[in-house]
Amino acid sequence: MFRVKGSRPCRKVRGLLSEYIDNSLSSEDKSFFEQHIQTCDGCSKELESLRMTVQLLHRVPEAPVPRSFAVTAPERRRERAFAPPAGLRWLRPATAIIAVALVVLLAGDFSHAFVNNAGVNTGGSNATYVQLVPTSAAEQQTMVTVPGVMGQMSLATAKAVGYTNYNVLPPSPPSEVATQPVPVPSVRGDLGGAGAGFVAQQGSEAGVGWPLRQTEIGLGAVVVVLLTLMVFARRQVKGKVTVK
Amino acid sequence: MDELELISRSKDGDVDAFNLLVEQYQRLVYNLALRMLGNAEAAEDASQDTFLSAYKAIGKFRGGSFKAWVLRIAANSCHDKLRVSRRYRIVSLDTLLLETDDLPQANNTESPEDYALRRELGRFLNEGLSHLPEDQRLVVILSDVQGLSYEEVAQVTASSLGTVKSRLNRGRTRLRDFLLQREELLPSKFRLNK
């Protein structure tokens, strides 16, 4: 057995043995290699033994194939029906996109990101968001009409809703104050005792109307359906596959 | 029909075209698996896995050497099997003898003696290969048994040319040392120190 011993040139030559045998050395390295081999008996023996080993490897007999590994046609059809090809290739990215959108919506909803600075829920969630707006006693008692809106409402309500164009009505006797229904999105509340109070302002009717909650539920349902489809498809593909 | 045409048709779902590719490469794949795993049954499994994986992934083949692509899948399949079960690494002489028993005679002119010698050599080299580390074994088989170029070996092993050369040199040297240690068992015709 030969060990990599000897001088520095010997170590270099022994690192190049394989490439020399395969005739893939550069002309410079080849020249150095051949000069060294002529004068170094150890490296020369090393080269010959390695060359014989490679020649033996070239003679390793090839084993016959015991059977065909061809893929069967029915298997091919089954694979094509459930795996990557056209049918369900879109499933995974579509599910991912919708799931991400749902997460963003839920995060925005819980953090009130869809509520604007005026306290209006632009996301349109009907029942969940109510903001109490402080009002003065005078604004609550002063009744106004708004062009285009049926009935009367208090000045406080009109301001809370955001109406800027309204007509102030003359004061009326105490018994007749604001008994008519007002088709505006506010709920009045006397939280401040006599005089000053609050207008409880509900978001959706005052804000921009797109149904956040319904959108969330819809997206959630779509994600569940897509995930179910994916699981089904994967089970089909994982079935035992055979060859001829 | 040339190989590119067969690949193109396979991508379009032509199973017969794909099986022509299988027919063309199954011998190469099976022999790589047999040398890597040292066990006929495991080699069959690995070959089957290779062609099924190739068939599933044919749409992702983006050109280049199809042979290198298939052999890379085969090498990965062998690696998985070796990782799962180390028992394939050490192969008994009896097993190897059994595997080489049915070697076909190279041609009609080969004498029974030469045939026996060749079988003995195959058995001996198989055992030597089974003693190499997996990465060196793969490179030696691809280069010296299957005759791939350095560039093709680099593609199959997903490594650089420098790494291929280094592994090949170390693998050959190690195999040579194995043969020298057991030289008295090697047929005299094939002994390294004559």
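Tutor: Let us begin with chain B: of its contacts between residues at least 6 apart in sequence, 64% join residues at least 24 apart. Two residues are in contact if their C-beta atoms, placed from the backbone, lie within 7 Å. This is a predicted model, in which local features need pLDDT of at least 70 and side-chain atom pairs count only at pLDDT 80 or more, while totals for chains, interfaces and linings use all residues. Residues are numbered from 1 along each chain as its sequence is written, and chains are lettered from A and ligands numbered from 1 in the order in which they are written.

Student: How many helices and how many strands make up the secondary structure of chain B?

Tutor: Chain B has nine helices and zero strands. Helices (H or I, at least four residues) and strands (E, at least two) are DSSP runs, numbered from the N terminus.

Student: What confidence does the predictor give to chain B, and which of its elements have the lowest and the highest mean pLDDT?

Tutor: On the pLDDT scale, the predictor's confidence in each residue from 0 to 100, chain B has a mean of 84, and 82% of its residues reach 70 or more. The model as a whole scores ipTM 0.82 and pTM 0.58.

Student: Why is α2(B) called oblique to α7(B)?

Tutor: Two packed helices are described by the angle between their axes and the distance between the axes. Helix α2 (residues 15-37) and helix α7 (residues 134-145) of chain B pack at about 140 degrees, with axes 10 Å apart. Axes are lines fitted to C-alpha atoms, for helices over the stretch in contact, and angles run from 0 to 180 degrees between N-to-C directions. Under 35 degrees counts as roughly parallel, over 145 as roughly antiparallel, 65 to 115 as roughly perpendicular, and the rest as oblique. The angle therefore makes α2(B) oblique to α7(B).

Student: What is the composition of that contact by class?

Tutor: B:Leu32, B:Arg35 and B:Met36 in α2(B) meet B:Arg137, B:Leu138, B:Ile141 and B:Val145 in α7(B). By class, this contact has five nonpolar, no polar and two charged residues. Ala, Val, Leu, Ile, Met, Phe, Trp, Tyr, Cys and Pro count as nonpolar, Asp, Glu, Lys and Arg as charged, and the others, Gly among them, as polar.

Student: What makes α2(B) oblique to α3(B)?

Tutor: The axes of α2(B) and helix α3 (residues 40-57) of chain B come within 8 Å and cross at roughly 140 degrees. That value makes the pair oblique. The residues of this contact divide into 13 nonpolar, three polar and no charged.

Student: How do you know whether B:Ser143 is buried or exposed?

Tutor: A residue is buried if 20 or more other C-beta atoms, placed from the backbone, lie within 10 Å of its own, exposed if 12 or fewer, and partly exposed in between. B:Ser143 has 24 such neighbours and therefore counts as buried. It is found in helix α7 of chain B. Beyond four places in sequence, B:Ser143 is in contact with B:Leu148, B:Val153 and B:Leu168. Buried residues make up 41% of the 194 residues in chain B.

Student: What is the phi of A:Asn23, and is this residue buried or exposed?

Tutor: A:Asn23 has a positive phi of about 55 degrees although it is not a glycine. Most residues other than glycine have a negative phi. A:Asn23 lies in the loop between α2 and α3 (27-39) of chain A, and its 7 C-beta neighbours inside 10 Å make it exposed.

Student: Why is B:Ala158 placed in the exposed class?

Tutor: B:Ala158 has 11 other C-beta atoms within 10 Å, and so it is exposed. It is found in the loop between α8 (150-157) and α9 (161-181) of chain B, with a positive phi of about 55 degrees.

Student: How many residues does each chain give to the contact between chains A and B?

Tutor: Chain A gives 32 residues and chain B gives 46. On the side of chain A, α4(A) gives the most, with eight residues. That side has 20 nonpolar, six polar and six charged residues.
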